[in-house]
Amino acid sequence: MRTEPCPSARELEDHLLGRLPPGRAAAVGRHLDGCAECPARVDALQVESRLMRVLAGLPPAGVPDDAPAPPGLRDLMARLESLVPSHAGDTPNGEGTDDTGFPFLGPPQGPDELGRLGGYRVLKLLRSGGMGYVFLAEDTDLERRVGLKVLRPRADRDPAARARFLREARAMAAVKHDHIAVLHQVGVTAGSPDGPGTAFLAMELLDGASLHAWMKENPRPPVAWAVRIARQAADGLA
């Protein structure tokens, strides 16, 4: 069986700095995903681009430590920060939530349930954020566990927020990709005289921590890990 030779150190450096042609960059990326030795070679590289030094909190090479960042770079960093949603309200197990209970859930029908939503037994709150909750739930028809995401009542009452939630969920459901969670169902529960129902989505239940939690534990991951995660996220977005 023919084995593809490992990239040279220079080629790995060019890959990290985005200097390779698209076709070769994709080939090197696939090689890094499958090679047992090259990720360690990447970690050992002394690669310092201007952007990488700035992201690491260091001044560009040749610039004094107390020199202000160039105006263009300050503007770019401010724009990038504005694109990242705040996780200040993202807490495990419901800590810090501002809604009282879960009024959108129907009465529980078993001792292990928080309640019912549509065709799902809601078993446990996994995480809460500024816009919604993620529960561990069980599909009563298929008898499989899922992650059930539900908008907070205050967000669900906002027509624009609800429409965006459903639109993004349906777009996600139309995509099949290794780096995108599988969506099983997107919908709205039956309404009542007191409200229009609750928007929800049921997705593949994944093991492990979120990227946000992992980054808190690994604030400066090895370069090879950072490149691999960014590439996988970009593949899913593309």
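Two strands pair if DSSP finds at least two bridges between them. Helices (H or I, at least four residues) and strands (E, at least two) are DSSP runs, numbered from the N terminus.

This is a predicted model, in which local features need pLDDT of at least 70, side-chain atom pairs count only at pLDDT 80 or more, and totals for chains, interfaces and linings use all residues. Residues are numbered from 1 along each chain as its sequence is written, and side-chain values use heavy atoms, with hydrogens and water left out.

**Exercise 1.** Trace the hairpin that strand 3 and strand 4 form.

Solution. Start with strand 3 (residues 120–128), which runs antiparallel to strand 4 and is joined to it by seven bridges. Three residues lie between the two strands.

**Exercise 2.** Follow strand 4 into its hairpin with strand 5.

Solution. Strand 5 (residues 144–151) pairs with strand 4 over eight bridges, in the antiparallel sense. Gly 132 has Leu 151 of strand 5 as its bridge partner. Four residues separate the strands, and Glu 143 in the turn has a positive phi of about 55°.

**Exercise 3.** Decide whether strand 4 is enclosed or open.

Solution. Buried means under 20% relative accessible area (1.4 Å probe, protein chains only). Seven of the eight residues of strand 4 (residues 132–139) are buried, so the strand is largely enclosed by the rest of the structure.

**Exercise 4.** Find the buried residues of helix 2.

Solution. They are Ala 27, Val 28, Gly 29, His 31 and Leu 32. Their cover includes helix 1 (9–16), helix 3 and helix 9.

Definitions and conventions
Buried < 20%, exposed > 50% of the residue type's maximum accessible area, 1.4 Å probe, protein only. Contact = heavy atoms within 4.5 Å.
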